[in-house]
Amino acid sequence: MFEMLETLPADPILGLATAYREDPSPDKVDLSVGVYRNRAGQTPVMAAVIAAERSLIEQQLTKAYLPPAGAPAFREGIFRLVLGTGAAGLRERSAVIQAPGGCGALRLGAELIQRASPGAVIHLGDPTWPNHGPLLAGGGLALARHPYYDASRHVVDLQPLLAALEQAQEGSLVLLQASSHNPTGADPDRPQWEAILDVVAQRRLVPFFDIAYQGLGDDLDADAWSIRRAAERVPEMLVAVSCSKCFGLYRERTGALIVLGADAGRARAIESQANKAARSMYSMPPGHGALIAERILGDETLATNWRAELAAMAARLRSLRRDFVAAVKATRPDADIDWLAGQRGMFSLLGLKPEAVRELREQHHIYMGLDSRINIAGLSEDNVGRVAELVAPRL
Ligand SMILES: Cc1ncc(COP(=O)(O)O)c(C=O)c1O
């Protein structure tokens with residue numbers, strides 16, 4: 001059966017991670033993989049997660065399956081976290097289904113759309129996170145692309161984006177990253193979001209939001225603003241929520257799909273169809289991460305501590321951005337790099353040529369994707385000067 005299968009080349013990002021692990025140089029710096037890192041280069045378990053996990057283990061009496069739509073308190077907590085505490089009125093016409101990570105939520109959303117509108121088209125920004133295409137096409141959606149990024153000015157390329165969406169067919173979907181855009185770090189500002197939502201509403205497009213970095217850009221509320229604003233303006237939308245980065249629960253595969261329908265009856269239909277779609281893929285979602293997140297969100301002390309730790313992580317990302325810009329300018333005062341300090345989240349595209357990216361890796365042990373996407377959290381107060389000095393002449 002498997003004789004004809006060819007071995008695939010290593011995934012470019014995961015392949016880099018292996019090369020980095022095997023590099024014996026003490027100077028090596030990994031700017032490729034998308035996880036948060038502290039000054040010591042570790043991806044720590046957040047203190048609130050450790051506390052919630054301890055109490056969970058002490059009190060948990062069963063590992064029996066969760067309900068098909070997931071842990072009830074987790075679903076309510078995530079809905080309020082993303083849509084805001086003022087969104088209680090929206091809950092009735094929303095379906096919330098726990099999913100295995102943001103990836104699971106994106107795929108589940110695609111499967112649901114496929115049931116509602118077979119062959120639907122989803123418009124993705126160019127560039128976007130490389131796994132969006134496979135996850136959504138894997139669920140049966142047809143992909144279309146629209147411009148997103150003006151690489152020369154390092155900002156959202158608004159007019160071409162709007163012009164492309166104006167041509168989109170009524171009823172098609174548009175994938176929108178709520179904040180801390182991966183890989184560009186460039187988000188629309190609020191007037192730009194309004195302009196995007198104007199076209200979405202006029203053309204009767206359906207937004208499919210992806211929120212994977214809530215709290216790591218500006219703060220938990222500001223980072224979800226685009227979603228909350230869209231919920232005021234459109235009758236139907238989907239949101240894929242990931243708890244991987246904001247709770248540091250990566251391997252626990254924790255996330256949710258939130259779907260807004262026109263009314264409570266639609267929400268019930270959506271939820272039943274999403275449950276059926278999940279049943280045919282993985283049956284029930286994993287419990288551990290969701291039960292940790294629900295404990296944090298449901299406990300005032302844990303929630304306060306979690307928010308503070310997350311805010312400190314976001315502040316550190318912003319400060320590393322400023323340090324990097326200052327260090328580049330110290331080496332090369334004329335460098336066009338100030339934009340990087342104004343961007344948000346874990347990623348930015350440096351705009352280096354592939355040869356420069358290769359040189360940095362092969363000669364200087366600095367690892368980043370060939371598109372020159374860097375994970376800001378891979379920088380540290382200890383290596384930022386050396387990285388900036390080597391990047392500056394290549395900008
Ligand atoms: C933009 C974006 N969306 C979704 C995800 C999904 O994350 P996960 O499936 O690990 O929760 C990621 C992870 O890197 C991401 O960068």
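Biologist: Which cysteine sulfur is closest to that of Cys246, and how many disulfides does the structure hold?

Modeller: This is a predicted model, where local features need pLDDT of at least 70 and side-chain atom pairs count only at pLDDT 80 or more, while totals for chains, interfaces and linings use all residues. Residues are numbered from 1 along each chain as its sequence is written, and side-chain values use heavy atoms, without hydrogens and water. A disulfide is a pair of cysteine sulfur atoms within 2.5 Å, and the sulfur of Cys246 is 5.3 Å from its closest cysteine sulfur, in Cys243, too far for a bond. The closest one is therefore in Cys243, and the number of disulfides is zero.

Biologist: Is Cys243 buried or exposed?

Modeller: Buried means under 20% relative accessible area, exposed over 50%, and partly exposed in between, using a 1.4 Å probe and protein chains only. Cys243 has a relative accessible area of 0%, so this residue is buried.

Biologist: How many salt bridges are there, and which residue pairs with Asp150?

Modeller: Side chains of opposite charge can pair when their charged atoms come close. A salt bridge is a side-chain nitrogen of Lys or Arg within 4 Å of a carboxyl oxygen of Asp or Glu. The whole structure has 17 of them. For Asp150, the closest N and O atoms are 2.9 Å apart, and the partner is Arg153.

Biologist: How far apart in sequence are Arg316 and Glu381, which form a salt bridge?

Modeller: Helices (H or I, at least four residues) and strands (E, at least two) are DSSP runs, numbered from the N terminus. The closest N and O atoms of Arg316 and Glu381 are 3.1 Å apart. Arg316 lies in helix 12 (residues 300–331) and Glu381 in the loop between strand 13 (373–375) and helix 15 (384–391), so the pair ties together parts separated in sequence by 65 residues.

Biologist: What is the nearest side chain of opposite charge to Asp223?

Modeller: Lys and Arg count as positive and Asp and Glu as negative, with His and the chain ends not counted. Asp223 sits in the loop between strand 8 (206–211) and helix 9 (225–233). Although buried, Asp223 has no salt bridge; at 6.8 Å, the nearest side chain of opposite charge is Arg344.

Biologist: Which residue has its backbone nitrogen 2.9 Å from a polar atom of the Asp223 side chain?

Modeller: Contact means heavy atoms within 4.5 Å. Beyond its neighbours within four places in sequence, Asp223 is in contact with several residues, including Tyr213 and Gly217. The backbone nitrogen at 2.9 Å belongs to Gly217.

Terms used: Polar contact = N/O pair within 3.5 Å; in protein donor to acceptor, adjacent residues only side chain to side chain.
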